[in-house]
Amino acid sequence: KNIIYLVGLIFGLVIPLGVLYVLEVLNNRIENKEDITNKINVPVIGEISHNKEQDNLVVANSSRSAIAEQFRALRTNLSFYLKTQEEKVILLTSSMAGEGKSFVAINLGNILALSGKRVLLMELDLRKPGLSSKLNVNNQLGFTNYIINLDLKGNDIINPLSINPNLFIISSG
């Protein structure tokens, strides 16, 4: 009877630990900052939490939410990396839709504009644009019109945003 209890105890520990080990070995998801910093030698300049609300603009003049503070920390860290006048372009990209490019672009642009910098958001996803609709901007005239129509000038396609006087957008058109 004691041997059966001992075997049951061993199997009760070995099987769950084995399953947990196999799940950890097969895990290929990035779940925290250490998953990145342990694999590659690049600095992580900011972490932005997942936004569960439907509002795309979480950074406002007096917002003190956790995500707004994370964007402020990202702005501060970017100021250490972008030191000269020539370093003033930030590209946001990813491999799939729905990963937060527009969300980060809108909020990072606004937090930079709040600090007095002039920011131009460029919606260059010509296949499936979404930035202008999230900002309620007319998408009839934009980047594709500028490329096709030689009479258009750059200033013709730049639209100011009502969010901030220092924030502008070029929609995809």
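This is a predicted model: local features need pLDDT of at least 70, side-chain atom pairs count only at pLDDT 80 or more; totals for chains, interfaces and linings use all residues.
The buried residues of H3 are Ile67, Ala68, Phe71, Arg72, Leu74 and Leu78. Seen down the helix axis, they fall within an arc of 160°, so they line one face of H3.

**Helix H3**
- H3 covers residues 66-81.
- At 1.5 Å a residue, its 16 residues should span 22 Å. The end C-alpha atoms are 23 Å apart, which agrees with that expectation.
- Helix H4 (101-114) is included in what covers the buried residues of H3.

**Ala66**
- Ala66 belongs to helix H3.
- Its relative accessibility is 57%. Exposed means over 50%, so Ala66 counts as exposed.
- Ile48 is 18 residues from Ala66 along the chain. The C-alpha atoms of the two are separated by 9.0 Å.

**The aromatic pair**
- A pair of aromatic rings is described by the distance of the centres and the angle of the planes.
- The structure holds one aromatic pair. Its members are Phe71 and Phe103.
- Centre to centre, the rings of Phe71 and Phe103 are 5.9 Å apart. The angle between the planes is 65°, and the pair is edge-to-face.
- Phe71 sits in helix H3 and Phe103 in helix H4, so the pair ties together parts that are 32 residues apart in sequence.
- Phe71 is buried, with a relative accessible area of 0%.
- Phe103 is also buried, with a relative accessible area of 12%. The cut-off for buried is under 20%.

**Helix H1**
- H1 spans residues 2-26 and has 25 residues.
- From its first C-alpha to its last, H1 reaches 36 Å. That is close to the 36 Å expected at 1.5 Å a residue.
- H1 is hardly covered. Among its 25 residues, the count of buried residues is zero.

**Ser172**
- Ser172 lies in the segment after strand E3 (167-170).
- With a relative accessible area of 1%, Ser172 is buried.
- Leaving aside neighbours within four places in sequence, Ser172 is in contact with Glu123, Asp125, Leu126, Pro129, Asn139, Gly142, Phe143 and Thr144.

Conventions. Residues are numbered from 1 along each chain as its sequence is written. Side-chain values use heavy atoms; hydrogens and water are left out. Helices (H or I, at least four residues) and strands (E, at least two) are DSSP runs, numbered from the N terminus. The expected span of a helix is 1.5 Å times one less than its number of residues. Buried means under 20% relative accessible area, exposed over 50%, partly exposed in between (1.4 Å probe, protein chains only). The arc is that of the directions from the helix axis to the C-beta atoms. Contact means heavy atoms within 4.5 Å. Rings of Phe, Tyr and Trp (its six-membered ring) pair if their centres lie within 6.5 Å; planes under 30 degrees apart count as stacked, over 60 as edge-to-face and the rest as tilted.
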